[in-house]
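Here are some comments on the model you sent, with a focus on charged pairs and one surface patch. They are set out as numbered points.

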Amino acid sequence: RPAAARAAVDAAEKGAEATVPLQARKGRASYLGPRSVGHLDPGAASTVLLFRALSETPEEA
């Protein structure tokens with residue numbers, strides 16, 4: 001289980017980084033248009049935090 005959780009965190013981090021060169025088309029960031037390029041997507045960033053917290057949760061006995 002820890003290996004799968006770590007893999008999920010790694011994949012989420014990689015996916016979040018992949019949003020940096022993209023232009024936002026939904027949500028508040030879409031109002032920025034081309035100025036949103038170069039910024040990490042907030043939804044992707046929060047997903048990384050979620051997976052990281054889940055991976056750090058102790059396993060129940």
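**Notes on salt bridges and a nonpolar patch**

1. R6 is partly exposed, its relative accessible area being 40%. The model is a predicted one, and the values below should be read with that in mind.

2. The side chain of R6 meets that of D10 in a salt bridge, at 2.8 Å from N to O. Both residues lie in helix α1 (residues 2-17), and about one helical turn separates them because they are four residues apart. D10 is partly exposed as well, at 36% relative accessibility.

3. R6 has a further salt bridge with E13, where the closest N and O atoms are 3.9 Å apart. That value falls within the 4 Å cut-off. E13 counts as partly exposed, with 25% relative accessibility.

4. E13 also forms a salt bridge with R52, with 2.6 Å between the closest N and O atoms. This pair links distant parts of the chain, since E13 sits in helix α1 and R52 in helix α2, 39 residues apart. R52 is partly exposed, at a relative accessible area of 30%.

5. How many salt bridges does the rule give? The count is three. Through shared partners, the salt bridges join R6, D10, E13 and R52 into one network.

6. Separately, L50, F51 and L54 make a nonpolar surface patch of about 290 Å². L54 is placed in helix α2 (residues 42-56). L54 counts as exposed because its relative accessibility is 51% and the class begins over 50%.

Note on methods. Residues numbered from 1 in each chain as written. Predicted model: local features only at pLDDT ≥ 70, side-chain atom pairs only at ≥ 80, totals over all residues. Heavy atoms only, no water. Patch = residues over 30% accessible without salt bridge, like charges linked within 9 Å, V, L, I, M, F, W, Y side chains within 5 Å. Areas by Shrake-Rupley, 256 points an atom, 1.4 Å probe, with all protein chains shown as cover. Helix = DSSP H or I, 4+ residues; strand = E, 2+ residues; numbered from the N terminus. Buried < 20%, exposed > 50% of the residue type's maximum accessible area, 1.4 Å probe, protein only.
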